[in-house]
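Please look through the sequence and the structure before reading on.

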Amino acid sequence: MLMELLLALILIIVGTKFASHLCHRIGIPAVIGELLTGVILGPALLGWVAHTDTISIFAEVGVILLMFLAGLESDLEKLKKYLTPSVMVALFGIIFPMIFISGAAHLFDIPWKEAIFLGVIFSATSVSISVQVLKEYKRLDTAEGSVTLGAAVVDDIAVVLIVSIFSAVLSMDGNTSSMGVGFIWDLLGTKILFFIGLYLFAKFILDPLLSLTKKIVAVEAETAFALALCFGFAILSEHVGMSDVIGAFFIGLLLSRQEDKHEIEHNVSIISYSVFIPVFFVSIGLDIELSAFKEYAVIIIVFTLLATLTKLIGGYLGGRLTKLDRNQSLIIGAGMVSRGEMALIIVKMGENLGLINEGLYSAIVVAIILTTLFSPLLIKYAIEKGTPA
């Protein structure tokens with residue numbers, strides 16, 4: 001088993017680096033090559049790498065580290081400044097897919113309960129792909145980068161709450177008497193406590209803890225403790241019912257105000273971009289099954305187009321309504337298109353709840369991945385459109 005994992009890692013690492021190089025040569029975002037490496041190496045074409053549980057674990061660590069780095073590279077004051085546009089973009093980015101994709105699903109004779117759940121799936125934004133592209137084009141620490149990050153976090157929290165409500169209502173099976181204080185607490189209380197705890201940790205514990213790590217005589221002690229905090233807050237946010245990347249992002253954001261953040265960022269980047277982040281991007285491509293195209297081709301095309309347009313237009317309108325210019329709003333809309341791991345997690349939940357059958361599951365996964373592939377190209381187009389010749 002170890003030899004199989006090592007062989008898979010060799011293929012992924014070497015494959016993604018060559019693919020990234022080729023993408024740079026032809027002028028497209030490197031992440032496109034990494035995603036397509038998964039399609040080529042996976043079951044869709046060569047079948048050399050399988051999406052095993054171990055690959056999934058490496059991929060999950062990769063996305064946690066990617067969002068931790070995004071937090072480290074962000075400006076907390078700028079995120080606060082653009083809070084209103086972030087919320088507006090997130091709301092439009094949830095409402096549009098909920099309405100149009102649910103309606104389209106119902107037109108394909110999918111019952112309303114399942115159709116609404118499909119709308120929820122495509123409301124989820126995965127900003128990890130967009131973060132990589134914005135970093136590549138040096139746009140992460142800009143107004144549009146800050147709004148995209150902020151909107152993605154708001155989107156993540158809101159969609160998690162919607163899924164929680166949906167699951168809870170289904171499990172009650174018409175028994176509304178259980179919708180009491182306990183129900184509200186399970187839904188909101190632990191998440192509110194998480195953010196209160198995060199604030200108290202930042203105010204009273206973080207600085208003394210970091211001062212202590214500076215006194216420890218050990219190789220890369222500060223980076224090691226930063227990673228421990230990243231993983232610890234990822235566990236906490238997952239434990240309270242949110243995505244683990246939320247905890248990783250926020251602890252990275254808190255560490256971004258520290259004087260030695262550049263050293264931590266440099267060291268974590270080496271670990272992340274050498275192994276874990278390439279595995280994450282490849283793992284998305286590994287989920288494509290060409291058999292889904294044959295039976296569900298029309299659904300895949302319609303869902304992919306609607307998923308792309310509803311986020312693009314929703315993000316654009318959210319930006320414009322909060323006084324951002326056209327190009328900034330277009331970049332934000334393009335940055336919100338990617339679905340990635342968050343949507344894949346929700347679609348898996350839908351399968352477990354009996355809302356999605358096996359064939360439709362494959363079709364939705366393909367639509368999610370195709371949408372994720374479009375996102376970097378749209379961001380590149382939006383950035384180049386606004387760059388003077």
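The largest nonpolar core of this predicted model has 112 residues. Helix 16 (residues 358-385) gives the largest share of this core, 13 residues.

**Nonpolar cores**
- Phe-68, Ile-121, Phe-122, Leu-149, Phe-249, Ile-356 and Ile-364 have the most contacts inside the largest core.
- Leaving aside residues up to four places away in sequence, Ile-121 touches Ala-343, Ile-346, Val-347, Ile-356, Ile-364 and Ile-368.

**Helix 1 and helix 2**
- The axes of helix 1 (residues 2-26) and helix 2 (residues 30-41) come within 8 Å of each other and cross at roughly 135 degrees.
- Helix 1 is therefore oblique to helix 2.
- The crossing of helix 1 past helix 2 is right-handed.
- On the helix 1 side, the residues in contact include Leu-11, Gly-15, Ala-19 and Cys-23; on the helix 2 side, they include Ala-30, Ile-32, Gly-33 and Leu-41.
- The residues of this contact comprise 7 nonpolar, 6 polar and 1 charged.

**Leu-11**
- Leu-11 lies in helix 1.
- Leu-11 counts as partly exposed because its relative accessibility is 23%, and buried means under 20%.
- Not counting residues up to four places away in sequence, Leu-11 touches Leu-41, Trp-48 and Val-49.
- Leu-11 and Gly-38 are 27 residues apart in sequence, and their C-alpha atoms are 10.0 Å apart in space.

Methods: Residues numbered from 1 in each chain as written. Predicted model: local features only at pLDDT ≥ 70, side-chain atom pairs only at ≥ 80, totals over all residues. Heavy atoms only, no water. Axes fitted to C-alpha atoms, helices over the stretch in contact; angles between N-to-C directions. Helix = DSSP H or I, 4+ residues; strand = E, 2+ residues; numbered from the N terminus. Parallel < 35°, antiparallel > 145°, perpendicular 65-115°, else oblique. Left-handed = near helix turned anticlockwise from the far one by under 90°. Contact = heavy atoms within 4.5 Å. Nonpolar A, V, L, I, M, F, W, Y, C, P; charged D, E, K, R; others polar. Buried < 20%, exposed > 50% of the residue type's maximum accessible area, 1.4 Å probe, protein only. Core = buried A, V, L, I, M, F, W, Y, C linked by side-chain atoms within 4.5 Å.
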